[in-house]
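Please read it alongside the sequence and the model.

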Amino acid sequence: MLTVHAVNAFKDNYIWLIQAENSHKVLIVDPGDADPVFEALKQYDLDPAAILITHHHADHIGGVETILQHYPVPVFGPADEPIPAVTHPLKASDTLTIDPDFPLFRVMDTPGHTQGHICYLVENKLFCGDTLFTGGCGRLLGGTAEQLFRSLQQLKQLPGDTEVYCAHEYTEANLRFASAVDNDNQPLQQRRHKTREMREAGQATVPSLMADELATNPFLRSHIPNIRTAAETFSGRPLDDDQSVFAALRQWKDNF
């Protein structure tokens with residue numbers, strides 16, 4: 001089994017270190033800053049084997065060049081994003097070999113937050129950057145609502161025990177919005193209470209489980225009648241399909 005180490009960066013970013021079983025080798029996911037990565041590598045006695053990038057935003061790639069100066073490893077990233085450091089441009093694939101010490105990865109094309117965003121799935125662990133958040137989803141910063149809706153529809157087909165490793169600690173804020181949309185959802189209220197307790201104790205709320213996202217994340221629940229009603233109330237007009245509901249929710253959250 002793989003071990004995942006969380007590295008805190010900036011105000012609320014997570015950089016993920018994926019450690020191979022019975023090995024010091026590690027994959028670095030979305031290193032926006034090099035210094036905390038170096039500290040974690042020393043702390044856990046790890047040896048980088050590759051860098052994985054989900055999209056081109058600075059808080060996900062800002063540390064890559066500095067890391068490469070110390071560890072000249074391959075850099076995997078989206079084929080459709082302008083990231084000069086990428087040595088292995090990727091599109092969707094079910095059989096990506098990164099290093100012999102690691103299982104095969106699945107790469108998923110998940111545009112929407114950005115035009116070429118990708119996600120990585122290995123074992124039951126989804127490294128989804130800024131596409132899917134705990135309790136929410138990414139803003140539209142280069143992609144379209146239609147693209148992000150389709151991407152999330154793809155992710156929600158994953159098994160309920162899939163661990164969701166997103167790149168930010170946004171859970172509390174996302175669940176506040178979710179409660180405004182879906183206030184009668186008891187699992188949501190329970191999750192919100194647990195999240196508050198965890199944050200007060202200084203604990204991370206990431207990863208989550210896909211089952212919890214399906215039960216409480218409104219961006220995966222645009223097919224639920226009361227969520228459509230809430231989105232129509234916000235929009236002031238009827239919404240004809242789940243995608244239109246999703247787009248309204250995204251617009252609502254942008255101004256929440």
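A pocket is here an open set of grid points, on a 1 Å grid, with protein on both sides within 12 Å along at least five of seven lines. The model is a predicted one.

1. The second largest pocket has a volume of about 190 Å³. It is lined by 14 residues, of which F133, C137, G138, R139 and Y170 are the closest to its centre. Strand β12 (136-137) and helix α9 (242-254) each contribute at least two lining residues. By class, this lining comprises five nonpolar, five polar and four charged residues.

2. The largest pocket has a volume of about 260 Å³. Among its 15 lining residues, R191, K194, M198, S208 and D212 are the closest to the centre. Helix α6 (186-200) gives the most to this lining, with five residues. The lining as a whole has seven nonpolar, five polar and three charged residues.

3. The structure contains 12 salt bridges. In one of them, D99 pairs with K25, with the closest N and O atoms 3.2 Å apart. D99 lies in the loop between β7 (93-96) and β8 (105-109) and K25 in strand β3, so the bridge ties together parts 74 residues apart in sequence. K25, D99 and D101 are linked in a network of salt bridges.

4. How exposed are the two partners, D99 and K25? Buried means under 20% relative accessible area. D99, at 10%, therefore counts as buried, whereas K25, at 28%, counts as partly exposed.

5. D182 forms a salt bridge with R221, the closest N and O atoms being 3.3 Å apart. D182 is buried, with a relative accessible area of 3%, and R221, at 12%, also counts as buried.

Terms used: Residues numbered from 1 in each chain as written. Predicted model: local features only at pLDDT ≥ 70, side-chain atom pairs only at ≥ 80, totals over all residues. Heavy atoms only, no water. 1 Å grid on protein atoms, 1.4 Å probe; cavity = no way out; pocket = protein on both sides within 12 Å on 5 of 7 lines; lining within 4 Å. Points joined across faces, edges and corners; volume = space filled by probe spheres on them. Helix = DSSP H or I, 4+ residues; strand = E, 2+ residues; numbered from the N terminus. Nonpolar A, V, L, I, M, F, W, Y, C, P; charged D, E, K, R; others polar. Salt bridge = Lys/Arg side-chain N within 4 Å of Asp/Glu carboxyl O. Buried < 20%, exposed > 50% of the residue type's maximum accessible area, 1.4 Å probe, protein only.
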